[in-house]
Amino acid sequence: MITMKDIVREGETVLREVAKEVQLPPSEEEKQILAEMLTYLKNSQDEEIAKKYNLRAGVGLAAPQIGISKRMIAVHFEDFNDKKYSYGLFNPKIVSHSVAKTYLSGGEGCLSVDREVPGYVPRYEKITIKAFDQDLNEIKLKLKGYAAIVFQHEIDHLNGVMFYDHIHQDNPFTIPENATACDA
Ligand code: SB7
Ligand code: NI
């Protein structure tokens, strides 16, 4: 079971590497790791389990965050319209995105970052991604708003990018150009 002791924290180089594509079909081990990543998210959102094992709640997790430099992400959340997203994905890729941007008015956090980093993180308002799910079906997802933000945060981890890399240096609360707020 993945717990906080498995979560790699900022400063470790694996978080700054470009993760490798998973050769498909994935190995049994790769499939199991991805399943465990998704289980971590579910456990972390279950009050009792989270308390028992001291899990910090997360809506997403990327393999580099458990020290594995491979292109695998898990997400588990509901958007502000109660639409559910629960996926373990191999080789996710943004195939198109809007010009328009958005940002969470409360900023972002990260399981690999043990501090608050204030500021707006500009993200594309809409993205289309392609990936392979846990059953190895190729899927295409059209995402907007909060869902688009979460997937961009996770795919950034596969490219060695942290959320705060996007925050404006001098004034963290500069409204990004072409952007409207995404409110929680
Ligand atoms: C706020 C939080 C997340 C994504 C977008 C906005 C995910 C936090 C958990 N992670 O560190 C996943 O990489
Ligand atoms: Ni993160």
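This is a predicted model: local features need pLDDT of at least 70, side-chain atom pairs count only at pLDDT 80 or more; totals for chains, interfaces and linings use all residues.
Tutor: On a 1 Å grid over the protein atoms alone, a pocket is an open set of points where a 1.4 Å probe fits, with protein on both sides within 12 Å along at least five of seven lines; its lining residues have an atom within 4 Å of a point. Residues are numbered from 1 along each chain as its sequence is written, while chains are lettered from A and ligands numbered from 1 in the order written.

Student: Which residues are around ligand 1?

Tutor: A residue counts if one of its heavy atoms lies within 4 Å. Here the shell consists of Val59, Gly60, Gln65, Leu104, Glu108, Gly109, Cys110, Leu111, His153, Glu154 and His157. Helix α3 (residues 145-158) supplies the largest share, three residues; helices are DSSP runs (H or I) of at least four residues, and strands (E) of at least two.

Student: Which polar side chains lie beside an oxygen atom of ligand 1?

Tutor: A polar contact is a pair of N or O atoms within 3.5 Å. A polar side-chain atom of Glu154 is 2.8 Å from a ligand 1 oxygen, and a side-chain N or O atom of His157 is 2.9 Å from one. The backbone takes part as well: a polar backbone atom of Leu111 lies 2.8 Å from an oxygen of ligand 1.

Student: What does UniProt place at Cys110, His153 and His157?

Tutor: UniProt annotations may be inferred rather than shown by experiment. Its unreviewed entry gives the feature "binding site" at Cys110, His153 and His157. These residues span 48 residues in sequence, yet no two of their C-alpha atoms are more than 10.2 Å apart, so they gather at one spot. Cys110, His153 and His157 also belong to the lining of the largest pocket. Cys110 itself is in the loop between β4 (101-104) and β5 (123-124).

Student: Which bond joins Leu24 and Pro25?

Tutor: Most peptide bonds are trans. Leu24 and Pro25 are joined by a cis peptide bond, with omega about 0°, and Pro25 is in the segment before α1 (28-44).

Conventions. Side-chain values use heavy atoms; hydrogens and water are left out. A polar contact is a pair of N or O atoms within 3.5 Å; within protein, one must be able to donate a hydrogen and the other to accept it, and residues adjacent in sequence count only if both atoms are side-chain atoms.
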